[in-house]
Amino acid sequence: MLAISIDGLNPDALKRLGRDGAPAIWRLIDHGVHTFDARASVELTDTLPNHTSMVTGRAIERDRNGHGVTWNDERRDPATVQEAAGEDVGSVFAEVGDAGRSSALFTTKEKLRLFGRSWSAALDKVAVQYRDETLADAARKDLVRHHRAFTFVHLGGADAAGHANGFMSPEYIDTVGRLDGLVGRLEHAVRHRPQLEGTAIVLTADHGGRGESHREPEKRANYRVPFVVWGPQVGTGDLYDLQGRAYADPGREQVGYGARRQPVRNGDVANLSLDLLGLGAVPDSRFDDKQDLRVR
Ligand SMILES: [Zn+2]
């Protein structure tokens, strides 16, 4: 299982680039299931809180059984997600480790080392490289050399280009196109290396963005993210068309956690990945905790 997070990926960038400008991601879309209307966590549209939701399957707000990671910097206090939550917090890494299997994290941002500290016994490798190309290359080599059950790859260049030049600016769009090439290298390894046969890919983003920032969680451009799943156990088409009673297309809205039918969220990554690996959900998680998100 390979999870790819493209930091700050507004799905409109994929539409803008089209199949010629982003062939790798569009190949996953065309041969897998997808939506451009998945949602970030309700409380915040920031990098570290939303990535913590992706790996724990929890919402953010501590008082509502969330993971409690509300900051977005490299602070070492609290040192772990468990300290932030004030209780034990599981993760996709911990569940994979408990099953006796291996996981790895490749990230372009130092602050995601929080996960290495929080699940140090379970995570077999944590690599931080600031350049996306270097990082993707290291991840690709690791994928083919080691038998990982779960690899998380975080690419940061689009977010950096968004903050420097504006989200959805020409520079930002160009960067998404460049990152697509790196996704293509990972995808190529998964499709052609026999040792990676059976590997599924899920691709999403921590938040979107338009203009200067992505910080206001009530704005559609910020809470709207893509969610793409591809693999041998995965069907094709619109993700919402496959769902039963638990999930529904949110239209243009963000949807609260109390709603009976939830949107697909970036926080579904943890339990969907475990589901595709044949493993149970993260204990005390919220997103896809019944593992009833359908991908076929
Ligand atoms: Zn981010």
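Visitor: Let's start with G100. Is G100 buried or exposed?
Guide: G100 is exposed, at a relative accessible area of 68%. Keep in mind that this is a predicted model.

Visitor: Where does G100 sit in the fold?
Guide: In the loop between α5 (92-98) and β3.

Visitor: And how are the C-alpha atoms of G100 and P232 placed?
Guide: They are separated by 23 Å. Along the chain, the two residues are 132 residues apart.

Visitor: Now T80. Buried or exposed?
Guide: T80 counts as buried, because its relative accessibility is 14% and the cut-off for buried is under 20%.

Visitor: Which loop is T80 in?
Guide: The one between α3 and α4 (81-85).

Visitor: What is T80 in contact with, leaving aside neighbours within four places in sequence?
Guide: L114, R117 and S118.

Visitor: On to the sheet. What order do the strands take?
Guide: The order is β4-β3-β5-β1-β6-β7-β2-β8. That is an open sheet of eight strands, with mixed pairing.

Visitor: Which strands are at the edges?
Guide: β4 (123-128) and β8 (237-238). Each of these pairs on one side only.

Visitor: What holds paired strands together in general?
Guide: Backbone hydrogen bonds, with the strands either parallel or antiparallel.

Visitor: How do β3 and β5 pair?
Guide: In the parallel sense, over five bridges. β3 covers residues 103-107 and β5 covers residues 150-155. S103 stands opposite F150 in β5.

Visitor: What about β1 and its partners, β5 and β6?
Guide: β1 pairs with β5 in the parallel sense over five bridges, and I6 has L155 as its bridge partner there. β1 also runs parallel to β6, joined by four bridges. On that side, L2 is partnered with I201.

Visitor: How many residues of β1 are buried?
Guide: Five of its five, so the strand is mostly covered. Both faces are covered. L2, I4 and I6 lie on one side, with A3 and S5 on the other.

Visitor: And β2, why is it called largely enclosed?
Guide: Because seven of its seven residues are buried.

Visitor: Which way does β2 run against β7 and β8?
Guide: Antiparallel to β7, with five bridges. R39 pairs with R224 there. β2 runs parallel to β8, with two bridges, and H34 has D238 as its partner in β8.

Visitor: Which strands does helix α2 lie across?
Guide: β1 (2-6), β2 (33-39), β6 (201-204) and β7 (224-230). The helix covers residues 23-31 and runs at about 70 degrees to β7.

Visitor: And α3?
Guide: Helix α3 (residues 47-56) lies across β1, β5 and β6. It runs at about 160 degrees to β5.

Methods: Residues numbered from 1 in each chain as written. Predicted model: local features only at pLDDT ≥ 70, side-chain atom pairs only at ≥ 80, totals over all residues. Heavy atoms only, no water. Pairing = 2+ DSSP bridges. Contact = heavy atoms within 4.5 Å. Axes fitted to C-alpha atoms, helices over the stretch in contact; angles between N-to-C directions. Buried < 20%, exposed > 50% of the residue type's maximum accessible area, 1.4 Å probe, protein only.
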